[in-house]
Amino acid sequence: MSKDPTSLDRLHDIAMPQKVSWWPLAPGWYVVIGIVLAVVIFFVCRAWKSWRADAYRRAALRELAAADDVATIAEILRRTALSVTSRHEIAGKTGTAWLDWLASKFPETMPESVRHQLSNSIYSKAPSEPVTSELRDYASSWIAGHQHPPVTGS
């Protein structure tokens, strides 16, 4: 048998191309990675600013945990309010005006027993009344959840 140039014996296997490498990436992937990275950095910075802005709340809650009388709790509430509001707005408020201001910055209503303790107990000459759990709970809730006054640009 003679070998014919068109013989099937001369055929070779199909040569497969090499696998496509995943690196280097196509230019579009660099754009996607850049956008994702920018979004992550934005949210991390925002969370960091929020965490730092609430440092006064964490400090006030630590002090509140150690407070053992009504006068100390009233002082903590006032210092917390002074950290987010101007001294001019807070300093002159006493008695019911102060309690009304506190109540206006928090969505929960102030219980009458808390109102009574904050308005009467801190000014009496007798030793301060023991702190009730209702007062401590309200103060803790107020510190953790009071609303910031709107920022006005002057």
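1. A handy definition to start: patches are made of residues with over 30% relative accessible area and no salt bridge, and nonpolar side chains are joined within 5 Å. Please keep in mind that this is a predicted model.

2. With that in hand, have a look at Trp29, Val32, Ile33, Val36, Val40 and Val44, which make a nonpolar surface patch of about 560 Å². One of these residues, Val40, lies in helix α1, residues 27–53. Val40 has a relative accessible area of 45%, so it counts as partly exposed.

3. Now to the interior. In soluble globular proteins, nonpolar side chains tend to be buried together. Here the largest nonpolar core has 24 residues, and those with the most contacts inside it are Ile73, Leu77, Trp98, Leu102, Leu118 and Trp142. Two or more residues each come from α2 (55–66), α3 (70–84), α5 (95–104), α6 (112–121) and α7 (133–145). Helix α3 gives the most, with six residues.

4. Leaving aside neighbours within four places in sequence, Leu77 is in contact with Trp98, Leu102, Leu118, Ala139, Trp142 and Ile143.

5. Is Thr80 buried or exposed? Thr80 is found in helix α3, and its relative accessibility is 3%. Buried means under 20% relative accessible area, so Thr80 counts as buried. Not counting residues up to four places away in sequence, Thr80 touches Tyr56, Ala60, Trp142, Ile143 and His146. Trp142 and Ile143 are also among the contacts of Leu77.

Note on methods: Residues are numbered from 1 along each chain as its sequence is written. This is a predicted model: local features need pLDDT of at least 70, side-chain atom pairs count only at pLDDT 80 or more; totals for chains, interfaces and linings use all residues. Side-chain values use heavy atoms; hydrogens and water are left out. A nonpolar core is a set of buried Ala, Val, Leu, Ile, Met, Phe, Trp, Tyr and Cys residues joined through side-chain atoms within 4.5 Å. Buried means under 20% relative accessible area, exposed over 50%, partly exposed in between (1.4 Å probe, protein chains only). Helices (H or I, at least four residues) and strands (E, at least two) are DSSP runs, numbered from the N terminus. Contact means heavy atoms within 4.5 Å. Patches are made of residues with over 30% relative accessible area and no salt bridge: like charges are joined within 9 Å, nonpolar side chains (Val, Leu, Ile, Met, Phe, Trp, Tyr) within 5 Å. Accessible areas come from the Shrake-Rupley method with a 1.4 Å probe; for residues, only the protein chains shown count as cover. A salt bridge is a side-chain nitrogen of Lys or Arg within 4 Å of a carboxyl oxygen of Asp or Glu.
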